[in-house]
Amino acid sequence: MEQERAEMERRAFLKKLLAIGAVGGAASSPLVRQVLAMGEGGQLLEGVRKVQGTVAVNNAAAQVGAIVFPGDVITTGSASLGVFVIGKDAFLVRENSRIELAGEKGGQGPGATKIVSSIKVAAGKVLSVFGPGGKRIETVTAIAGVRGTGMYIETDPEVTYLCLCYGGIDLDAKAYPGARKVYNTKHHEQPYYILGAGAKRAFLRAPMMNHSDEELTMLEALVGRKPPFGGLSGSYS
């Protein structure tokens, strides 16, 4: 009964978002509306939910509906993006990215148990929402432990941009042993640049940029949740 009630609430929330989007509200982005519509009528949808441009899973072209597992590598080309769900976590991967997943899986196919324990963002840009339990996040310049969060990362060899959209984090700068920030956020309060070797400091406060509340709302809806800020706030760019 509890599972059925949760599913009814999820579907009602998706319908609400789509209805608001029809008049220019929280689901106004074509991408957001397309992905939300995929999950509006049935069960939670795991695997690849959106492919735009060049998206690959383990060097093979990604297909909508393909299941993604811990141990897989997601890559995107220029002018590309992918949206996928694995277990209780959901991801929006932007252009020129490489995301390496690690964790546990039990069995094969859609019903298999999938738990992502760590994500390496080797290059590019990714927006993620995570279910309960800790995760280890690694980029070229940063290592983070996160708990039940929404997070946006952009990384290159010299700097990582990280916005903890909500949740808790222990954030370390690789090039500065002992440099750590431990904090919680509710709604994008503390974005940072995490700098590489040769910079004068480990962390630099950053603006909130290049991701939106409607994208977070979409990702959370795909895994049957609502973001803690309510899910109907404005977007940022």
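Two strands count as paired if DSSP finds at least two bridges between them. Helices (H or I, at least four residues) and strands (E, at least two) are DSSP runs numbered from the N terminus. This is a predicted model, in which local features need pLDDT of at least 70 and side-chain atom pairs count only at pLDDT 80 or more, while totals for chains, interfaces and linings use all residues. Residues are numbered from 1 along each chain as its sequence is written, and side-chain values use heavy atoms, with hydrogens and water left out.

**Overall**

- The chain has 14 strands and 3 helices.
- Of its 237 residues, 50% are buried, where buried means under 20% relative accessible area with a 1.4 Å probe and protein chains only.
- Among contacts (heavy atoms within 4.5 Å) with a separation of 6 or more, 49% join residues 24 or more positions apart.

**Strand pairing**

- β4 (residues 73–76) pairs with β7 (residues 98–106) in the antiparallel sense over 3 bridges, and V73 has E100 of β7 as its bridge partner.
- β7 also pairs with β8 (residues 113–129), in the antiparallel sense over 9 bridges.
- I99 stands opposite V121 in β8.

**A56 and its surroundings**

- A56 lies in β2 (residues 55–57) and is buried, with a relative accessible area of 11%.
- Leaving aside neighbours within four places in sequence, A56 contacts A61, A62, V73, I74 and T75.
- The C-alpha atoms of A56 and I74 are separated by 5.8 Å, although the two residues are 18 apart along the chain.

**Nonpolar cores**

- A nonpolar core is a set of buried Ala, Val, Leu, Ile, Met, Phe, Trp, Tyr and Cys residues joined through side-chain atoms within 4.5 Å.
- The largest core has 35 residues, of which F91, L101, I119, L162, I169 and L171 touch the most other members.
- Elements giving two or more residues to this core are β2, β5 (81–86), β6 (89–93), β7, β8, β10 (142–155), β11 (159–173) and β13 (192–195).
- Beyond four places in sequence, the contacts of I169 are A144, G145, V146, R147, M151, L162, L164, K181, V182 and Y183.

**Helix α3**

- In α3 (residues 213–222), 10 of 10 residues are buried, including D213, E214, E215 and E220.
- G224 follows α3 and has a positive phi, near 80 degrees.
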